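Please find below a short note for a colleague who is new to this structure.

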Amino acid sequence: MEIQGYVILSITLFCIGVVGALTRRNAIIIFMCIELMLNSVNLLLVAFSKMHMMGANASAASAIDAQIFVFFIMIVAAAGVSVGLAISVMLYRNTRSVDVNFLNRLKN
Amino acid sequence: MSTTQILFWFLSILAVLSAVGVVASRNPIYSVLWLIVVFFSISGQYVLMNAQFLAIVNVIVYAGAIMVLFTFVIMLMNLNEHPEIPKNVYLKAAGIIAGMCLLVVLVAALAKSSNMHESLRVGTNVGLIKYLGRTLFNDYVVPFEISSVLFLSAMIGAVVIGRKEKETVA
């Protein structure tokens, strides 16, 4: 398999996530789109780690480092989701809706 | 076409179509289900790249834990009472055009790169849990422990934010 396919797949998933975050108004769906973007980046990191496994100036250790990095990205994403969903539950409790346009009252 | 390539194309098309389903479906529950399909196909890609540890962690953490969290929150909220008011058509079109522009720019910037045809070396066993675990507990012990503190603080933060208003007053 060439790296090209993985790069284009990751870019496509990332852009679908961007489109979703820009066009939807439901806070939870925006969260899900952010998760989608994080996952596409993880996929690209793993593909690059496999590509640079035994390149000219890379060792197997750097490939392992890349996969550990993906592991830590997953950890931080999980922690972020738990706090973010708590915030959106709070938002729903106060406004009876999860529409992000209600949040523009923070402007004034 | 080899079996690997057929599997790669199948998983890619599945991932892209279900990602479109996440963005396009009206009901948030359907979005969650489509997102689970995306995560499983990305895990399939990890298996295809011989990164078994990350494949399993992806299934357990994302498809298992995070998606259950999303499902519970959506079910708690009973969103069908107030269906989402769609955005202005112009704003929607602007968002789609902006995303497609990003896609075109990134692909065009990377298409001529000289490394694009380099092939993956999937035969080696770097992705196995034995080697990753050895590195994780030798070189990355401190970040690993700090991430447990991060989880604790996230848990406390979620509980503090999610508490009812009256209890904080009293």
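**Note on the two chains**

1. Helix H1 (residues 3–23) of chain A and helix H1 (residues 3–24) of chain B pack with their axes 9 Å apart and at an angle of about 5°. Axes are lines fitted to C-alpha atoms, for helices over the stretch in contact, and angles run from 0 to 180 degrees between N-to-C directions. H1(A) is therefore roughly parallel to H1(B), a term for angles under 35 degrees. Helices are DSSP runs (H or I, at least four residues), numbered from the N terminus.

2. The model is predicted: local features need pLDDT of at least 70, side-chain atom pairs count only at pLDDT 80 or more, and totals for chains, interfaces and linings use all residues. Residues are numbered from 1 along each chain as its sequence is written, chains are lettered from A in the order in which they are written, and side-chain values use heavy atoms, without hydrogens and water.

3. The contact between the chains (heavy atoms within 4.5 Å) takes 68 residues from chain A and 83 residues from chain B. Together the chains bury about 7200 Å², of which 76% lies on carbon and sulfur atoms; buried area is the accessible area (1.4 Å probe) that two parts lose on being put together, summed over both.

4. Between chain B and chain A there are zero salt bridges, a salt bridge being a side-chain nitrogen of Lys or Arg within 4 Å of a carboxyl oxygen of Asp or Glu.

5. Over all chains, the whole structure has one salt bridge. The side chains of Asp99(A) and Arg25(A) form a salt bridge at 2.6 Å, N to O. This pair links distant parts of the chain, 74 residues apart: Asp99(A) is in the segment after helix H3 (60–95) of chain A, and Arg25(A) is in the loop between H1 and helix H2 (27–51) of chain A.

Notes. Helices (H or I, at least four residues) and strands (E, at least two) are DSSP runs, numbered from the N terminus. Angles under 35 degrees count as roughly parallel, over 145 as roughly antiparallel, 65 to 115 as roughly perpendicular and the rest as oblique.
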